[in-house]
Amino acid sequence: MGSFVYNRTGNGTGIGWGQGLVHPAHGHAEPFMLPGQAAAADHNWGYVGTGPVALDPRGRSPKLQCEYGVPVAGNRYTKGGFNQMEGFRSREDSQNFEGKKNIPFLNRTKERRYQHHVNNRGPELESPRMLRYENMVGVKGYIYFMAKDQNGCRFLQQKFEEGKHHVDVIFEGIIDHIAELMTNSFANYLIQKLLDVCDEDQRLRIIVVLTEDPVKLLRISLNTHGTRAIQKLIETVKTKKQIVRIISALQPGFMHLVNDLNGNHVIQKCLSNFGAEENKFIYEAAATHCFEMAIHRHGCCVLQKCITSARGEYQAKLIVEVCAHAFQLAQDPFGNYVVQYVLDQKIPSANAHLASQFEGSYVYLSKQKVSSNVVEKCLKVFSDEDKAAIVFDLISVSHFEQLLQDPFANYVIHTALVNTRGHLHNALVEAIRPHEEALRTSPCCKRISRAISRR
């Protein structure tokens, strides 16, 4: 804007008038000098406000340098008096502008994001904060508070790598608060790391503290952070004495753990890491509460894991319990997955038991969203004899065309076409032929029509 700015002459109204802006109701503005500046006689005056704007010697309008949409540098709006020129910018913006006035807006944004990342990244050991931790780590009771701090927790984990002496010091500093720290959002990572580096005697002390009250271990296992620490404990235990203590504490709260979002992972970790004898209590409890587990969102996953890991009589007992409730489970949103899992094991005795449970009900099951998946699985894994029972049950129903157009049963018929051969397949095709008109017009029948045309 050159060496001058204009001040409104006369009585102005409205915000900003008399502060370097020209009121639209008046046709002229009065220039005045800034301190320490001299006017040039042939200077082209520019106006701040709505008045006329002078052109440069080549007849072009002066270009405004803008920052965040506010004119700055040579042409800028001002605030306050005119003893200094300062745009509407924060202190941080002003500093960035002074040093990097030509950096585009997006680049400045990226630079600020990078600076924010640098300022918030994990502190190095040389930082004043970490030096303070170094000095305070030997103070009794201070390790407990460090463990619950994000940076303090990282510092303590780094100290584990410096030798067994540091492991022992940190262990003694937190053992009395181990249950609380396991459920802390930061300290649980320290406990998991500690379980990797501590010796067997220290691990046993941790287990003793956690299992002296079974409710304590149960509460930690149900916690979002605590469940990870308990799973790590189960992974690292080695001696029979340690395992027995953990099992004894988990057993009373088995069903609470199985049906919980976090607790079910603790039971599954036991199944993955302990032997059949140690997991005996799980298999027995699962057989007792089979139906209750099978119809639960999380319990059905644990039950499938039990069937996988169990051997001999334990597995047989679980499968018998599932087959005994198969008809009800096949219609349940979660139980149907357990029935399908048993079918996938392809155990002849189990499949024969399931076939007897479903006999005469295949049409009913095929017309339901959930149980139709079970019937499809049966058509894939059953013997030819049991498949024939399903097909004849389907084609002997009155109004077979309604079954073809059913939104769920049509999938069952299509699966039957794909998984049958010989006379059984021909019998199914012959039952479908009289309804070719429905096949062409109903959107549900298109896949059945394609299956027939391929044969």
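**View 1. Rings that pair up: a search of the whole structure turns up 5 aromatic pairs.** This close-up, like the others here, comes from a predicted model. One of the pairs joins Phe-327 and Tyr-364, and it counts as stacked. Their ring centres sit 6.3 Å apart, with 20° between the planes. Follow the chain and you'll see that the pair links distant parts of it: Phe-327 belongs to helix α19 (residues 326-330), while Tyr-364 belongs to helix α22 (residues 362-366). That puts the two partners 37 residues apart.

**View 2. Inside the largest nonpolar core, which has 110 residues.** Which residues have the most contacts inside this core? They are Leu-210, Phe-358 and Ile-432. If you're wondering which helix gives the most to the core, look for α15 (residues 280-288), which supplies 6 residues.

**View 3. Ile-432 and the residues it touches.** Here we zoom in on Ile-432, one of the residues with the most contacts inside the core. Skip its neighbours within four places in sequence, and Ile-432 is still in contact with Phe-400, Leu-404, Ile-413 and Leu-417, as well as Leu-439, Ile-448 and Ile-452.

**View 4. Helix α18, with one face lined by buried residues.** Helix α18 runs over residues 313-324, so count 12 residues along it. From its first C-alpha to its last it reaches 16 Å, close to the 16 Å expected at 1.5 Å a residue. Which residues of α18 are buried? Look for Tyr-314, Gln-315, Leu-318, Ile-319, Val-322 and Cys-323. Seen down the helix axis, these buried residues fall within an arc of 165°, so they line one face of α18. On the other side of α18 you'll find Glu-313 and Lys-317, which are exposed. And what do the buried residues of α18 pack against? Their partners are α15, α16 (290-294), α17 (299-309), α19, α20 (335-344) and α21 (348-358).

**View 5. Lys-164 and Asp-199, joined by a salt bridge.** Side chains of opposite charge can pair when their charged atoms come close. A search of the whole structure finds 15 salt bridges, and this view shows the one between Lys-164 and Asp-199, whose closest N and O atoms are 3.2 Å apart. Lys-164 lies in helix α6 (residues 164-174), and Asp-199 lies in the loop between α8 (187-197) and α9 (200-211), so the pair ties together parts that are 35 residues apart in sequence. Lys-164 counts as partly exposed at 36% relative accessibility, and so does Asp-199 at 30%.

**View 6. Lys-377 and Asp-344, another salt bridge.** The closest N and O atoms of this pair are 3.2 Å apart. Lys-377 sits in helix α23 (residues 371-381) and Asp-344 in helix α20, 33 residues apart, which makes this a link between distant parts of the chain.

View 7. Glu-212 counts as exposed, at 56% relative accessibility.

Key. Residues are numbered from 1 along each chain as its sequence is written. This is a predicted model: local features need pLDDT of at least 70, side-chain atom pairs count only at pLDDT 80 or more; totals for chains, interfaces and linings use all residues. Side-chain values use heavy atoms; hydrogens and water are left out. A nonpolar core is a set of buried Ala, Val, Leu, Ile, Met, Phe, Trp, Tyr and Cys residues joined through side-chain atoms within 4.5 Å. Buried means under 20% relative accessible area, exposed over 50%, partly exposed in between (1.4 Å probe, protein chains only). Helices (H or I, at least four residues) and strands (E, at least two) are DSSP runs, numbered from the N terminus. Contact means heavy atoms within 4.5 Å. Rings of Phe, Tyr and Trp (its six-membered ring) pair if their centres lie within 6.5 Å; planes under 30 degrees apart count as stacked, over 60 as edge-to-face and the rest as tilted. The expected span of a helix is 1.5 Å times one less than its number of residues. The arc is that of the directions from the helix axis to the C-beta atoms. A salt bridge is a side-chain nitrogen of Lys or Arg within 4 Å of a carboxyl oxygen of Asp or Glu.
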